[in-house]
Amino acid sequence: MVSAIWPGTAYPLGATYDGAGTNFSVFSEVADRVDLCLIEKDGTEERINLDEVDGYVWHAYLPTVTPGQRYGFRVHGPWDPAAGLRCDASKLLLDPYGKSFHGDFDFSQALFSYDLDADDLASGGTPPQIDSLGHTMTSVVINPFFNWANDRAPNTPYHETLIYEAHVKGMTQTHPGVPEELRGTYAGLAHPVIIEHLKSLNVTAIELMPVHQFMHDHRLEQLGLRNYWGYNTFGFFAPQHQYAATQHAGGAVAEFKTMVRAFHAAGIEVILDVVYNHTAEGNHLGPTINFRGIDNAAYYRLMDDDKRLYRDFTGTGNSLNPRHPHTLQLIMDSLRYWVLEMHVDGFRFDLASTLAREFYEVDRLSAFFDLVQQDPVISQVKLIAEPWDVGEGGYQVGNFPGLWTEWNGKYRDTVRDYWRGEPATLGEFASRLTGSSDLYEATGRRPSASINFVTAHDGFTLADLVSYNEKHNEANGEDNRDGESHNRSWNCGVEGPTDDPAILDLRAKQMRNIMATLLLSQGTPMISHGDEIGRTQNGNNNVYCQDSELSWMDWSKLETNADLLDFTRRVTKLRAEHPVFRRRRFFEGEPLRTGDQVRDIAWLTPSGTEMTAKEWNSGFKFVAMFLNGQAIPAPNARGERVVDDSFLLYFNAHSGPVDVVTPDESYGAEWTCALDTADATGVGELVLKAGETTALRGRSVLVLRKTA
């Protein structure tokens with residue numbers, strides 16, 4: 001029993017242990033009364049009425065409560081779904097600011113505030129009074145103190161950044177070098193063998209798929225599946241406890257911090273994929289676990305004509321309501337917590353357009369963007385938008401404010417189309433290669449605003465992109481209806497696995513072509529985990545529910561696809577060593593100086609002359625690009641002029657060879673091969689003089705470095 005109850009403070013929200021006791025604070029504008037419920041290990045409950053209220057924030061300080069204490073809230077108030085009011089004191093509610101959680105959900109009637117047999121939410125009456133204690137998770141008070149030692153953020157500039165998108169469990173679950181008890185965990189991800197692999201790829205930032213505490217869907221569990229990806233958040237301050245090797249209450253927090261510290265020591269930033277657009281409570285027939293029961297109308301966007309229902313811009317049943325000041329505060333407090341307390345280096349915002357909807361339309365001047373812009377903490381970390389949602393007008397590539405970078409969906413589509421041989425893509429392909437100035441320059445942004453990617457968690461892997469024309473998602477239990485049907489992929493002649501050596505060679509070369517294009521484009525490249533070793537999902541382009549070998553990294557491919565790994569390392573090294581491939585500013589295309597006709601960039605025909613409008617529009621699937629290492633205008637961090645080698649890049653998407661002539665001596669007198677995708681590991685021995693002819697093999701990339 002609690003021996004003393006002090007008034008406490010309204011801020012900070014959540015449960016905050018200060019070394020002596022714990023302050024509890026929760027917002028609810030609709031509550032008539034709020035009970036803090038302390039849950040013991042034997043399941044018994046002690047209820048404490050929070051009678052201190054300031055600005056709709058209910059609070060108390062308990063001087064005897066320490067880390068490890070499990071707790072929840074019960075909110076007493078109106079039940080009127082037609083008015084958007086869903087208070088139900090029979091539900092033990094999780095803390096929206098909870099830093100750690102314990103247990104699991106059983107999806108029994110106890111979690112739902114309506115009769116499951118009726119399969120509908122009545123507008124009147126009262127909900128079934130079935131206590132959810134014992135059927136739901138509990139929040140846990142954590143120890144916030146941690147020895148960060150000399151941890152320092154790498155603060156890698158965008159133009160030097162190479163992002164590696166990864167899944168905590170999938171990355172380590174089968175790695176033989178990770179101790180079995182650490183596989184699938186934060187500790188496993190921070191193991192030296194994983195960090196060494198990333199360093200060998202010159203990765204500067206690991207982008208983790210959702211690690212905020214999320215719920216596994218009951219429907220998927222009934223099918224024997226799981227919510228593997230984790231885009232089903234209910235705890236925006238807590239690391240997913242199932243990814244912790246240490247399963248004691250609150251252990252995930254310290255383990256996550258230890259992981260971040262290890263990555264930082266290796267010079268690798270940690271970026272989180274965050275899902276502030278919706279929660280795991282789903283639509284009006286979902287369970288009541290926290291937000292819905294605390295203040296439904298404040299946390300969610302409700303339909304104007306029927307407030308029982310939720311406005312859904314996400315395709316998941318609900319949308320968070322950033323128009324409400326307390327919801328907006330929760331998002332900002334969460335972001336700040338992960339930077340200041342967990343030391344992460346940035347965020348990738350899932351379906352970010354949803355956060356920009358003030359009323360219905362996406363608004364670049366929304367309160368969320370305003371707050372991020374002026375926040376002294378959040379404005380200084382990496383901010384990456386997935387610039388679309390499923391609502392009308394949701395596709396917003398190129399339209400985010402100046403601080404933001406964006407997943408460039410147009411880059412993905414164009415590169416896929418070019419290498420599968422689609423006509424009329426040459427001009428746009430050139431634009432994407434050079435940083436997509438058509439999308440980002442008008443808002444004062446630079447090439448690094450374009451997060452270039454060809455594959456990601458959502459869709460085909462790189463190996464599947466060149467092996468399948470159609471999705472094969474039958475294992476998901478939805479009769480292959482889920483997932484994207486228009487993949488812009490090409491199977492190279494046979495659908496799926498084959499023993500044909502010619503097709504296997506072509507697929508391997510196509511993977512090298514795409515990887516080389518990605519890593520040598522201006523902008524910020526992102527590699528999807530496993531693409532460097534040819535990871536396959538057997539044609540499944542939507543493994544959100546596949547927590548199995550189908551979605552995990554198969555580390556045996558380190559040996560079977562060693563050539564692709566060597567090739568990827570070669571290209572990432574080329575990018576890291578040469579600033580001409582990662583310019584800070586867009587190309588001008590003008591003479592370098594008066595009287596000098598050699599530009600910072602030039603587009604060339606196979607004959608070595610400059611492209612004309614007619615040739616751009618000819619449908620010819622070949623282009624050569626000259627990059628002038630002497631014409632990099634932006635200085636380095638010390639204000640010094642940046643000088644690099646000059647390069648010729650040849651892209652041939654034709655099936656057959658093309659004879660190419662190196663340009664005249666004004667560009668360079670001698671050129672030496674730096675990369676050739678026609679070779680399994682990218683090695684080439686070619687040396688050419690100005691005006692010399694060579695045959696560029698079909699479907700290949702050739703990179704020449706000026707050596708004289």
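Which residues does His278 touch, not counting residues up to four places away in sequence? They are Tyr231, Asn232, Thr233, Phe236, Thr314, Thr316, Asn318, Ser319 and Leu320, where contact means heavy atoms within 4.5 Å. The structure above is a predicted model, in which local features need pLDDT of at least 70 and side-chain atom pairs count only at pLDDT 80 or more, while totals for chains, interfaces and linings use all residues. Residues are numbered from 1 along each chain as its sequence is written, and side-chain values use heavy atoms, with hydrogens and water left out. Here is a short tour, by topic.

**Buried residues in loops**

- His278 is found in the loop between β16 (269-274) and α6 (291-299); helices (H or I, at least four residues) and strands (E, at least two) are DSSP runs, numbered from the N terminus.
- His278 counts as buried because its relative accessibility is 1%; buried means under 20% relative accessible area, exposed over 50%, and partly exposed in between (1.4 Å probe, protein chains only).
- The side chain of His278 makes a polar contact with the side chain of Asn277 at 2.5 Å, and a polar atom of the His278 side chain lies 3.1 Å from the backbone oxygen of Tyr231.
- A polar contact is a pair of N or O atoms within 3.5 Å; within protein, one must be able to donate a hydrogen and the other to accept it, and residues adjacent in sequence count only if both atoms are side-chain atoms.
- Arg583 lies in the loop between α15 (562-577) and β22 (591-593), and with 3% relative accessibility Arg583 counts as buried.
- Leaving aside residues up to four places away in sequence, Arg583 touches His159, Pro447, Gln522, Asp600, Ala631, Ile632 and Pro633.
- For Ala631, the backbone oxygen lies 2.9 Å from a polar atom of the Arg583 side chain.
- From Arg583 to Gly656 is 73 residues in sequence and 32 Å in space, C-alpha to C-alpha.
- Thr662 has its place in the loop between β27 (658-661) and β28 (670-676), and at 2% relative accessibility Thr662 counts as buried.
- The Thr662 side chain reaches the backbone oxygen of Lys689 at 2.6 Å.
- Not counting residues up to four places away in sequence, Thr662 touches Tyr650, Trp671, Leu688, Lys689, Ala690, Gly691, Glu692 and Leu704.

**Helices**

- Helix α7 (residues 325-340) packs against helix α8 (residues 367-374) at an angle of about 35 degrees, with their axes 11 Å apart.
- The contact is made by Leu328, Ile331, Met332 and Leu335 of α7 together with Ala367, Phe368, Leu371 and Val372 of α8.
- The residues of this contact of α7 with α8 divide into 8 nonpolar, no polar and no charged; Ala, Val, Leu, Ile, Met, Phe, Trp, Tyr, Cys and Pro count as nonpolar, Asp, Glu, Lys and Arg as charged, and the others, Gly among them, as polar.
- Axes are lines fitted to C-alpha atoms, for helices over the stretch in contact, and angles run from 0 to 180 degrees between N-to-C directions.
- Helix α10 (residues 426-433) is mostly covered, with 6 of its 8 residues buried: Leu426, Phe429, Ala430, Ser431, Arg432 and Leu433.
- Just after α10, Gly435 takes a positive phi of about 100 degrees.

**A four-stranded sheet**

- An open sheet of 4 strands runs in the order β1-β2-β6-β5, with antiparallel pairing; two strands pair if DSSP finds at least two bridges between them.
- Its edge strands, β1 (14-17) and β5 (52-54), each pair on one side only.
- Neighbouring strands of this sheet are turned by 25 degrees against each other on average, direction ignored.
- β5 and strand β6 (residues 57-62) pair in the antiparallel sense over 3 bridges, and the bridge partner of Val53 in β6 is Trp58.

**Backbone details**

- The peptide bond from Tyr11 to Pro12 is cis, with omega near 5 degrees, and Pro12 is found in the segment before β1.
- Asn480, in the loop between α12 (462-465) and α13 (501-520), has a positive phi of about 65 degrees although it is not a glycine.
- Asn538 is not a glycine, yet has a positive phi of about 55 degrees; Asn538 is found in the loop between β21 (524-528) and α14 (557-560).
- With a relative accessible area of 47%, Asn538 is partly exposed.
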